[in-house]
Amino acid sequence: MDTTEARYGEMARIMFDTGDWITPMFDYNVPFWGKPPLFTWLSAGGFELLGVNEFAARVPHLIVGIAILAMTWFFAAKVRDNKEAWLAIAILSTTTAFIVISGAVMTDTALTFAVTLSMVSFWMAWESGCRLWGYLFFVGLAIGMLAKGPLTMVLVGISLVIWLMQDQRWRRIPTVLPWKGGIAVFLIISLPWYLLAEWKTPGFLNYFIIGEHIKRFVVSGWQGDLYGSAHDEVRGTIWLFWFLAALPWAPVLIYQVSRFFRAGEEGVQTSNGYMGYLWCWMLSPMLLFTMAGNILPSYVMPGLPALGLLVAGYQSQQKISDKVFKIGLITPVLLVITAFLLGNNLTGKESEKVLLSKWEKQVEKENSELIYIQKRPFSAQFYSEGKAKLNQAPLSTLLTKPKEDAFFVIEKGKIPAGFLWDKSRCELRAESNKRQLVHCRAG
């Protein structure tokens, strides 16, 4: 799917093709400083095992999504009971954001895994005093640094600070975690790549730390973005994004909470602070991004495991009809419908797969360049294995005296008015809903 998934899939393909596992590349010889490499490592690893195709790009991310479900189940089963654990992962796996993003080539699934590992590990270390859980807390933070950078520590930090401020829990902090050993583990896992990345492409740390993690969120329409257009949403939009991403379960959670308040109960506190802990975890992305304009709906995903645990927890405390939970069947049905529409190019998210499958069959393909005029989608790079070139010169200029045969891909609405093909040299070979594939011989 253009643009995000195709862009990240193409970066993974370039990593696999070049063998450069240190620096993700936006294009050949163009370093990508916008994200750490874990998402490219996952998809490029899939290519190593299964060849370059969509399934190989996506399946490692899906496995990470399954691991998130497993951790969520384990957490609920240990703290509560198995019945609540199964309900929690049924809810999580049928939220609209989780079921889509966990099977797509994006950074958010790995980030959610990291946050979930740290949050689960902290609670287990808090309750049991086990040092292994304490070390796993730092492992989660390190994985997050390789998945999306310092954002992981900020999200986990917001959750824990708010929870620890209550009932003077903060007093236990010096003894709950193995600080010296844990920080050492964190640095051993995460620091080497950052040092290698700065050494290989100087300037990375300044752009990634200052630009991506400060200016991106506090400067509306940030112009320093090297890899895309900055978003400028109305402040507070992240809460709407959460509601949509958490469907169909957001209204259920709101209804559950309202029942407690109507009964004169708070519905948040439990004897060990478990429900409050989940609330802090779930709300942390919204609290962080409330005043940010450059945001996406996927930013709320790290809090969705807590959503599943909360809904399941409230169901154990105060049951609502089991029939309500059948609405979860809506999500996979909608997913199948969406996949059908995307697969048959019946939506605005049409990729270049169909058009380039026709280009693959052209006998002149090996001796002709493939040139996209004005705009080249990321899916064009992926499906042409990097052969698609971008040229933003006027079409008439390109065709005046071409030095060699070429295939031109032009958006239908972008052909200049009055422009006539030299039909003795140029021939329409294929077309999609949006673009035409034209082969022209050298003049």
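## Salt bridges in a predicted model

R13 counts as buried, with a relative accessibility of 4%; buried means under 20% relative accessible area, exposed over 50%, and partly exposed in between (1.4 Å probe, protein chains only). This is a predicted model, in which local features need pLDDT of at least 70 and side-chain atom pairs count only at pLDDT 80 or more, while totals for chains, interfaces and linings use all residues. Residues are numbered from 1 along each chain as its sequence is written, and side-chain values use heavy atoms, leaving out hydrogens and water.

**The overall count**
- The structure contains 17 salt bridges, each being a side-chain nitrogen of Lys or Arg within 4 Å of a carboxyl oxygen of Asp or Glu.
- Side chains of opposite charge can pair when their charged atoms come close.

- R13 forms a salt bridge with E10, at 2.8 Å from N to O.
- E10 and R13 sit three residues apart in helix α1 (residues 4-18), so about one helical turn separates them; helices are DSSP runs (H or I, at least four residues), numbered from the N terminus.
- E10 is buried too, with a relative accessible area of 1%.
- R80 pairs with E84, their closest N and O atoms lying 2.9 Å apart.
- E84 is buried at 3%, whereas R80 is partly exposed at 27%.

**A link between distant parts of the chain**
- K148 and D108 meet in a salt bridge of 3.0 Å, N to O.
- This pair joins distant parts of the chain, 40 residues apart: K148 is in the loop between α7 (131-147) and α8 (151-164), and D108 is in helix α6 (residues 108-128).
- K148 is buried at 8% relative accessibility, and D108 is buried at 3%.

**A network**
- Salt bridges also link E352, E411 and R435 in a network.

Methods: Helices (H or I, at least four residues) and strands (E, at least two) are DSSP runs, numbered from the N terminus.
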